[in-house]
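Subject: The structure and some notes on it

Hello,

Here is the structure I promised to pass on. Please open it alongside this email, and my notes will follow below.

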Amino acid sequence: MTAAVVVDHVSKRYRLYHERNQSLKASLLRGRRARYEDFMALNDVSFEIKEGTAFGLIGENGSGKSTMLKCMARILRPDGGSITTRGKLSALLELGAGFHPELSGRENVYLNGAILGLSRREIDARFDEIVDFSGIEQFIDAPVKNYSSGMYVRLGFAVAINVDPAVLLIDEVLAVGDQEFQNKCTEKISQFRREGRTIVVVSHALSSVRELCDEVALIEHGRLIQVGPAVDTIDHYLTEILSIDPATLGIARRSTGEIQLQGVELLGESGEPVGSLALGDSVTFRFHFNALKPVSGPVFGMSLTSSDGVLVTGTNSRDQGLSLEIPTGLGWIDLAVPRLLVSSGKYHVTGTIYDTTQMTPIHEVGDLHAFDVAEGNPKTSGITSLGGTWRA
Amino acid sequence: MNQLREYYERRELLSNLVLRELRSRYKRSALGWTWSLLNPLSSVLIYWVVFGVFLKVKAPIGDPSGQGNFVLFLLCALIPWNFFSNGVTQSIESLVVNAGLIRKVYFPRELLVASTIGGLLVTFMIELGVVVVILLIAGNMVLPWLPIVVLLVILQTLLVLGIGLLLSGANVYFRDVRHFVNLLIPMLFYSTPVVYPISYVPVNWQVAGRSIPLRSIYEMNPLVQLVGAYRALLYDLTFPSIGSLAYIAVWSIGLVVIGQFVFNRLDHRLAEEV
């Protein structure tokens with residue numbers, strides 16, 4: 001099998017400027033050179049991508065995987081080594097890059113197509129298909145600045161996908177648009193695969209990488225750690241780099257990991273942390289998390305399991321109509337329980353975060369927390385209480 | 001040679017980028033394309049009033065055209081000058097302005113410089129067409145000279161392209177380049193015979209008892225030759241000197257070669273620095 005892309009000892013150095021000489025004065029005052037440190041974004045990386053396969057690049061933020069993709073797309077030039085590709089290459093790094101806001105969708109299709117290397121005749125031939133795929137026929141003659149971000153991205157994707165590339169590079173852009181459009185994209189990519197084209201994906205979404213890719217390369221601090229079959233490389237990433245317990249690998253494999261649950265705090269009525277509880281107490285479950293990137297519309301869920309493994313109850317934020325926008329960084333979300341109606345015993349908290357479609361897990365922790373409930377008022381048998389009062 | 005092939009292979013993209021330039025230039029302005037004629041019109045008006053009326057600059061009598069109108073004299077040089085100055089200032093900015101594109105898609109980046117100049121070239125041709133009509137009405141039979149005017153336009157475009165390639169890459173690394181050029185442009189304007197005839201420049205200049213051959217130094221500026229050639233063709237209705245055409249050609253081609261060379265050197269880290 002021939003290689004579609006050969007990455008041969010590629011290194012890429014970035015300059016991290018301490019004080020940037022972006023003016024002549026600064027440069028004269030400080031001497032000719034600006035002070036900078038070299039930062040090796042890629043360090044002697046080599047691998048081959050076989051023709052007709054799907055290849056994934058994974059790694060933590062800042063590992064160099066996107067730099068690798070940009071080098072393949074010829075946007076960045078490596079400082080050392082070389083990259084050779086066979087056949088036409090199209091990159092989906094940012095959809096609609098090069099759209100001019102004042103021009104109409106139609107004009108932009110021609111412009112974007114030309115940027116991506118299509119001739120006018122080729123675009124003429126594909127124009128209907130592009131518009132059809134994007135689903136914005138009615139707006140095609142309106143300036144794109146009036147488009148919603150979804151429409152913008154859809155048109156950009158439609159153009160890029162119609163370039164008819166032998167090698168398609170994708171950088172996490174598939175997480176765009178509504179579910180219907182996402183399905184269309186997934187379908188188009190499967191079609192690409194069936195047609196024997198080569199696909200290179202950079203993504204955090206390990207589950208989709210696993211589904212899509214034959215081989216995966218793991219890049220860490222600019223170095224290639226492992227390259228091989230998707231399952232092996234992803235497992236290596238999860239256990240060695242993200243230090244995930246092999247026992248929970250099953251869920252972790254499917255998770256995208258954009259938000260990490262970190263723990264649960266139990267708060268009493270006045271917001272003070274409490275250790276143990278009694279039936280009928282008022283309690284707030286505070287879930288602490290760390291978002292690695294902004295996430296729109298995630299669904300937080302929790303369930304309680306008794307010590308003998310019986311599911312007591314489960315609830316999620318979506319069922320209560322909560323729509324969330326999570327920014328990058330640490331945060332928390334509360335579940336306020338006015339009366340804890342479970343009988344005495346030990347309970348385990350499972351925390352889950354799903355994406356907005358509730359199909360893909362973001363993070364799931366089986367035993368996030370355990371707490372004891374003491375007998376309270378009213379006394380009850382079984383695992384739950386009705387909270388009722390007897391009257392005569 | 002490689003570069004020429006690259007330009008040729010991406011000619012569709014070049015024409016698309018030029019179209020983008022043209023279509024977006026006057027979007028959302030009520031007068032639209034009229035602006036591209038109103039702008040030179042206003043500068044002609046200003047220079048005519050200040051230099052022709054107040055300072056009484058006399059246009060030399062065209063030989064053999066016999067033309068002596070200051071406005072016509074002005075037009076034949078000012079329109080090419082505007083193409084030069086707009087071309088240089090805008091092409092220098094062309095990479096910085098299109099930073100988003102450079103960071104996200106690959107295509108030969110010199111096309112951004114070329115398309116900026118291409119857009120201005122179209123406007124220049126329209127303006128030149130209007131000037132030709134005005135000259136014809138004024139009785140200057142310029143039509144036989146137009147093929148040479150076209151040659152001159154090509155040489156001038158190369159000159160502007162060369163400067164654009166040379167400085168646009170540098171401007172990405174040092175944003176001062178643009179400001180520096182903005183400083184130089186008016187200097188160049190007044191050291192080129194646009195608003196006055198070259199005969200106003202003394203042949204020799206006496207400074208501290210020494211004689212400096214000012215006119216010869218002045219004529220080393222390729223823009224002096226360029227403007228002179230346009231005037232010879234359009235105003236005087238005569239053939240410009242072969243020497244001056246060759247001089248312009250050497251500058252134009254030389255600058256394109258040097259510009260492309262420098263551009264290739266700076267192209268390397270463009271996507272990171274822009």
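Predicted model: local features only at pLDDT ≥ 70, side-chain atom pairs only at ≥ 80, totals over all residues.

Residues are numbered from 1 along each chain as its sequence is written, chains are lettered from A and ligands numbered from 1 in the order in which they are written, and side-chain values use heavy atoms, with hydrogens and water left out.

Chain A as a whole

Chain A has nine helices and 19 strands; helices (H or I, at least four residues) and strands (E, at least two) are DSSP runs, numbered from the N terminus. The C-alpha trace of chain A spans about 90 × 55 × 55 Å along its principal axes. Of its 392 residues, 47% count as buried. Here, buried means under 20% relative accessible area, exposed means over 50%, and partly exposed is in between, with a 1.4 Å probe and protein chains only.

One residue to look up is Ser385(A), in the segment after strand E19 (361–374) of chain A. Ser385(A) counts as buried because its relative accessibility is 7%. Leaving out residues up to four places away in sequence, Ser385(A) touches Leu279(A), Leu341(A) and Thr380(A), where contact means heavy atoms within 4.5 Å.

Chain A also has charges placed over rings. The charged end of Lys184(A) sits over the ring of Phe133(A), 5.3 Å from its centre, and Arg197(A) lies over the face of Phe192(A), at 4.6 Å from the ring centre. The test for this is NZ of Lys or CZ of Arg within 6 Å of the ring centre and within 35 degrees of the ring normal.

Aromatic pairs in chain B

Over all chains, the structure holds 18 aromatic pairs. Rings of Phe, Tyr and Trp (its six-membered ring) pair if their centres lie within 6.5 Å; planes under 30 degrees apart count as stacked, over 60 as edge-to-face and the rest as tilted. Phe51(B) and Tyr190(B) form a tilted pair, 6.5 Å centre to centre with 40° between the planes. Phe51(B) lies in helix H3 (residues 35–54) of chain B and Tyr190(B) in helix H8 of chain B, so this pair ties together parts that are 139 residues apart in sequence. Phe51(B) is buried at 14% relative accessibility, whereas Tyr190(B) is partly exposed at 43%. The rings of Phe73(B) and Tyr235(B) are edge-to-face, because their centres are 5.4 Å apart and their planes are at 75°. Both Phe73(B) and Tyr235(B) are buried.

Backbone points to check

Most residues other than glycine have a negative phi, and most peptide bonds are trans. His221(A), which is not a glycine, has a positive phi of about 50°. His221(A) lies in the loop between strand E8 (215–220) and strand E9 (223–229) of chain A and is exposed at 65% relative accessibility. Ala208(B), also not a glycine, has a positive phi of about 50°; Ala208(B) is in the loop between strand E1 (205–207) and strand E2 (210–212) of chain B. A cis peptide bond joins Asp63(B) and Pro64(B), with omega about 10°, and Pro64(B) is in the loop between H3 and H4 of chain B.

Best wishes
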